[in-house]
Amino acid sequence: RSDIKMQYKQLWVRNLKLSDAGIYTCEYGTRKVRTSLHILNLTISLRGHFLQNEVPELILIQNSSTPPPHLSITLFDSNNNRVTPEIQNKSPQEYIMNLKKLETMDSGTWVCQIHSDSPLINQNISFDVKVLGFQNPDLERKYATVDSPVILSWRLNSQKIKWREGFTGQLIWKQQESAKSHELLDFNVTAQGQLHEIKKSNNLLFEIPERKAESTIEVKLPKVHFNHSGQYQCQLEYERRQAQSKIELVVMKVSAHPAGPLSRGANVTLTCQVSGPLAPDAYLLWERVNGTKMDIKNSKQHEVKLEVNISTAGLWSCHLIEGSDKKFSFHYHVEEASVWINSVIIGASVGGSLLAFALGCLCITSGISWQRRRQRAKRMAQARQHLLENKTCQCQQ
């Protein structure tokens with residue numbers, strides 16, 4: 001592993017090892033020159049290939065002919081930001097450093113700066129970090145109204161970091177954390193970053209969009225139902241390690257009781273409901289478009305169902321608001337019954353009352369007549385009985 005270049009009086013050593021450390025003597029005639037070779041070796045766990053939220057471990061080992069000096073170590077990430085690791089000293093020759101949980105944006109070339117005053121050491125060691133994962137937020141919320149379409153999308157960074165090895169994964173759905181999960185699709189990614197997907201379940205009506213960006217996993221629900229809400233988790237696996245990203249689908253529905261046009265003087269109850277728990281700063285709000293402040297009603301904290309009792313027709317809107325942001329709305333049009341329908345309703349009510357009164361009077365009259373006929377028939381029967389008794393007596397005499 002070594003060569004001597006006589007014209008430059010140089011010794012070249014390739015592929016240095018820790019055991020190469022020590023004192024080297026150059027003899028030229030009667031002259032002797034000594035130099036000390038100090039070896040540093042920096043290794044990173046998992047060969048620098050990590051999944052999202054994994055914690056790398058760096059090990060720095062030094063070897064020299066003299067007692068090893070105390071080293072000052074400074075790390076800079078791929079964005080040239082200073083990183084303070086947790087350093088553990090097993091021995092003066094070895095430093096173990098634990099970094100923070102990695103994110104996809106940490107992919108790139110890192111630099112480890114090593115400094116010592118005696119002996120004087122100023123050395124920069126660069127190393128590559130590749131973090132495979134999702135570019136989505138940690139827990140993303142997606143909002144949809146009943147019967148509307150929605151696309152759930154997960155963006156991988158496999159092409160951006162030129163990941164050389166394939167990985168596999170799956171997309172599952174469950175309504176709650178403890179509920180039974182349904183596997184929607186399996187996927188794998190080639191070394192060229194191409195996705196291959198296999199639909200696994202028919203429990204949920206969904207589609208896999210054909211046109212999409214590379215290294216993006218998408219699921220489309222053409223017509224959202226209220227029970228399609230819940231957690232959609234995309235999980236990828238590499239060398240028996242896993243990383244996942246969740247999208248929480250929140251669905252809103254609106255109903256009216258009684259349904260149909262609003263007649264004059266009547267009331268209707270509008271109900272707005274969302275499928276899952278709301279964020280701490282989120283609430284529901286009912287309002288009538290172009291209405292007054294009297295037409296506004298807010299839900300209480302953590303309330304996922306809001307009812308409003310109205311007597312005014314028009315366009316009513318239920319909004320889900322987080323902080324100061326209006327996330328999405330559901331519009332419901334309350335129709336007003338036309339004039340002739342109101343007249344028919346009023347006429348039917350009056351006619352019904354008169355008919356009931358007439359029927360009542362008829363029933364009373366019929367009852368009185370029937371009672372009189374009954375009494376008359378009873379008197380006639382008594383008279384016939386009396387007359388029969390008298391005739392019998394005369395015959396006996």
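## Aromatic rings and their neighbours

The charged end of lysine 199 is placed over the ring of phenylalanine 206, at 4.6 Å from the ring's centre. This is a predicted model. In another part of the model, lysine 9 lies over the face of tyrosine 28, and the distance to the ring centre is 5.1 Å.

Rings can also pair with other rings. A pair of aromatic rings is described by the distance of the centres and the angle of the planes. How many aromatic pairs does the count come to? The count comes to three aromatic pairs. Among them is a tilted pair formed by tryptophan 110 and phenylalanine 127. Its ring centres are 6.3 Å apart, with 35° between the planes. This pair links distant parts of the chain, since its members are 17 residues apart. Tryptophan 110 belongs to strand β12 (residues 108-116), and phenylalanine 127 to strand β13 (residues 121-132).

Is tryptophan 110 buried or exposed? Tryptophan 110 has 0% relative accessibility, so it counts as buried. Phenylalanine 127 has a relative accessible area of 10% and is therefore buried; the cut-off for buried is under 20%.

Tryptophan 173 and tyrosine 232 also form a pair, with ring centres 5.9 Å apart. Their planes lie at 25°, so the pair is stacked, because planes under 30 degrees apart count as stacked.

Definitions and conventions. Residues are numbered from 1 along each chain as its sequence is written. This is a predicted model: local features need pLDDT of at least 70, side-chain atom pairs count only at pLDDT 80 or more; totals for chains, interfaces and linings use all residues. Side-chain values use heavy atoms; hydrogens and water are left out. Rings of Phe, Tyr and Trp (its six-membered ring) pair if their centres lie within 6.5 Å; planes under 30 degrees apart count as stacked, over 60 as edge-to-face and the rest as tilted. Helices (H or I, at least four residues) and strands (E, at least two) are DSSP runs, numbered from the N terminus. Buried means under 20% relative accessible area, exposed over 50%, partly exposed in between (1.4 Å probe, protein chains only). A charge sits over a ring if NZ of Lys or CZ of Arg is within 6 Å of the ring centre and within 35 degrees of the ring normal.
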